[in-house]
Amino acid sequence: MTVHLELPAIYQFPPLFTRQPNKSIRNKQIETWINIILTNCEQCKIWTITKQGDMKIIDPDTQQVTTFNIFHNTEIDRSCSPIFINEIWQMMQKQGQLLNRDGKDLKISTDSDELQTDEEFYILWKSLELWANEILDWFERTTQLNKVVTFYEIVSSEDNFNESFYSMPEPLLYQILKILVKRGRATMLKENSKYVAIKVI
Amino acid sequence: MSYFHSVKTKSSGRPLLSQNEHDIIICDSVGLYEGKERIESKQNGRIFLTNQRIIYVDNTSPINETVALDLNEIGSVEYQPGFLKRSSRLILFLSPPKLNPVQDKSSQSKEKSPNIRESDDDNYSTDWVCPICQAENKSNGKITIESTEMPACDNCGIPMDFTMTEDSIKHTMTKIVKNKTTHNTESRMVPCPTCTFLNHPSMKICEVCGTKLPRQKREKSSSKKHIVSLIRPQYIQISFRKDDGTLFAQATAKEVNDLKKVGIFNQNVASINGIDVKPSEEVINIIENSKMKPSEKKIEFMGINGLERYRETQLMNNDILFTSALQDLNKLMSLAESIETLYKMKDKNLKLNQGINKIDLNKQPQSNLIIDRDKFSNQDLFLDEIAREIYDFAMIEFKDNEINNNVLIPLVDFYAMYNKAMRIGTGLISPQELKDACQRFPKLGLDDLKLIKLNKRILCLATTNSFDFIQKEILKILTKDGGLDVLKITQTLNEMANDTEKTDNDETVKRQNAAWTVSIIGEILQSCIDNGILVIDEQMSGVYYFKNNF
């Protein structure tokens with residue numbers, strides 16, 4: 001099982017996994033965590049993360065899927081407490097780096113029992129606005145304006161393999177495109193009561 | 001200033017006492033005067049009365065300006081209460097210097113001369129023959145025509161008629177004065193009322209027949225009389241600025257008087273170094289009996305016979321005295337032996353842990369000032385003195401105990417230590433008093449120790465930079481290898497302390513008494529975390545500390 005993650009040296013620092021009692025230090029610690037998560041997700045094109053920190057990493061060669069929990073360092077045998085993980089999530093959401101699947105605000109309770117395995121978040125290593133600008137830019141570059149383009153085409157077309165938003169989950173794309181709609185630059189088309197395509201003017 | 005002796009003081013500004021010395025009373029804010037002159041450098045200090053000295057400790061420079069005056073140099077003491085702006089004073093008159101012997105003699109001879117003139121008449125005796133019965137008479141004194149009272153004839157009892165006896169009068173002047181001693185002995189010879197033998201004046205019983213002789217009044221020698229020198233003795237004044245000092249004055253007067261009365265060292269002492277000086281009851285009985293017997297026999301046996309008996313009993317007495325003396329000597333020897341064995345044992349111990357050797361030598365038994373609550377007129381003074389004692393105690397106790405003389409001890413622990421070590425028998429102090437006393441350190445100029453509050457909850461007694469020092473040490477350890485728990489950090493710290501000690505003293509014996517307690521280190525770590533210097537790694541097995549790398 002090979003994980004191609006480039007983790008910084010601080011990841012091997014045991015106190016990283018303990019919620020620090022000093023508030024200012026804790027804030028720095030959380031920042032460090034967010035930094036680790038974001039850089040890793042960007043590198044490996046990881047869009048989702050479970051509430052417990054599980055990430056699905058797809059090996060680009062073998063297409064093998066491995067699950068990796070960022071909050072558990074097997075090497076030094078350290079893991080974060082759920083309370084601390086929640087704190088990290090809250091901070092990420094505050095900074096617009098985390099999105100709930102349905103686009104609603106996170107309801108993070110401090111009660112660890114409510115952590116459910118299936119709950120997943122979208123990781124935004126770029127903010128929604130930035131993504132929206134990038135997609136708009138793509139529309140303009142590829143002369144797709146005034147054409148109806150399906151979500152699938154945007155994120156899964158082989159032509160877009162080198163785009164940063166390639167392999168982006170469609171629900172996330174929907175959230176980004178909603179911004180364009182709000183700006184009045186696009187309209188979305190429905191099929192079976194579900195948005196599947198967009199036309200950018 | 002020759003009567004002032006310099007005194008060693010401790011860094012806390014308390015005098016070092018010599019052996020067998022103990023303090024009696026302490027008075028604050030006093031000034032010294034030599035005669036009527038102020039001694040400028042000694043105007044603000046504390047004064048200690050001990051059983052041997054009066055010690056002045058300057059408040060501003062306790063090391064240079066501290067002086068002591070031996071109590072036996074003080075002739076008399078006078079107390080002057082304060083008047084208006086003048087503060088009350090205690091005047092110590094120093095004993096007058098020894099008199100000039102030449103002066104002494106001349107004054108003596110002057111005294112003598114009138115005596116001789118007076119006794120001129122007595123030295124004459126007159127021999128005359130009674131014109132009536134022709135009996136030869138001898139009468140004292142010079143008889144001239146002017147003499148008003150004529151002596152009567154011993155034989156017929158008719159008073160002498162000068163004109164009729166003029167021819168027979170022979171004046172003989174018996175010069176007796178030449179040799180004073182012979183005069184005394186001859187004239188004072190005591191005739192025995194029974195056998196008329198002239199006994200030596202110092203005899204109590206007739207040498208021949210043993211009859212008790214009439215008592216003689218011994219002439220008091222006038223030569224021993226001291227002439228009071230007209231020069232006023234030197235004196236020193238102690239001026240009490242704060243209180244009226246009556247207590248101190250009374251105590252000094254008492255102490256000076258006591259010292260004069262005692263005269264001989266160790267008199268009236270029940271025991272010296274634990275050996276009973278008072279003879280046991282048996283011995284007393286023997287001595288008393290032997291004393292009683294001769295006095296009875298004195299009357300029973302008179303004369304040379306009696307003297308012999310008397311001598312015998314005296315010899316017996318001497319025997320008893322000698323035996324008791326020998327017994328005492330034996331006791332002393334056995335004590336000395338036990339002391340020797342004790343000393344040897346101590347020597348062995350010392351050899352075992354030579355590391356402590358040096359400290360022990362420094363801690364030679366010294367009489368300590370006993371700070372008694374009753375000696376202080378107010379709480380303030382008492383706390384000041386307690387503060388000094390605490391300072392001393394802490395400095396001695398922790399001198400070699402911590403790394404580079406850094407002390408950090410919770411006040412609670414220190415309270416127990418101090419009360420146990422110093423206050424038993426003299427009245428324990430309350431925690432509040434200890435705290436108050438510790439807060440006085442800066443006021444008293446004792447800058448090495450201070451009271452700090454760790455983590456806003458634990459009061460600690462610490463040397464000024466100890467906290468920073470330990471923080472640095474811990475940080476050093478944790479930078480070298482992070483992830484240690486409290487116990488490991490404490491161990492490492494103590495090992496470091498021992499290592500430095502080792503290199504310092506070049507000794508192979510590892511010292512065990514350099515020890516930081518885990519609780520203290522824990523508190524310091526806590527404060528380091530609060531400062532953001534350290535971070536923790538909390539595990540099931542415990543909390544591990546790391547240097548902050550975030």
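Trainee: At what angle do helix α1 and helix α2 of chain A pack?

Mentor: Compare the two axes in this predicted model. Helix α1 of chain A spans residues 23-44, and helix α2 of chain A spans residues 82-94. Their packing angle is about 75°, and their axes lie 10 Å apart. Angles of 65 to 115 degrees count as roughly perpendicular. α1(A) and α2(A) are therefore roughly perpendicular to each other.

Trainee: Which residues make the contact of α1(A) with α2(A)?

Mentor: α1(A) contributes A:Ile30, A:Trp33 and A:Ile34. α2(A) contributes A:Glu87, A:Ile88, A:Met91 and A:Met92. By class, that is 6 nonpolar, no polar and 1 charged residues.

Trainee: Now chain B. How do helix α8 and helix α9 of chain B pack?

Mentor: Read the angle and the axis separation again. α8(B), residues 379-397, meets α9(B), residues 411-422, at about 100°. The axes are 11 Å apart. That angle makes α8(B) roughly perpendicular to α9(B). B:Glu389, B:Ile390 and B:Phe393 of α8(B) make the contact with B:Tyr418, B:Ala421 and B:Met422 of α9(B). The classes are 5 nonpolar, no polar and 1 charged.

Trainee: How many residues does each chain give to the contact of chain B with chain A?

Mentor: Chain B gives 13 residues and chain A gives 13 residues. Next, take the side of chain B by element. α13 (518-531), β20 (534-539) and β21 (542-547) of chain B each give two or more residues.

Trainee: Which element gives the most to the side of chain B that touches chain A?

Mentor: β20(B) does, with 4 residues. Then check the classes. This side of chain B divides into 6 nonpolar, 4 polar and 3 charged residues.

How values were computed. Residues numbered from 1 in each chain as written. Chains lettered and ligands numbered in written order. Predicted model: local features only at pLDDT ≥ 70, side-chain atom pairs only at ≥ 80, totals over all residues. Axes fitted to C-alpha atoms, helices over the stretch in contact; angles between N-to-C directions. Parallel < 35°, antiparallel > 145°, perpendicular 65-115°, else oblique. Contact = placed C-beta atoms within 7 Å. Nonpolar A, V, L, I, M, F, W, Y, C, P; charged D, E, K, R; others polar.
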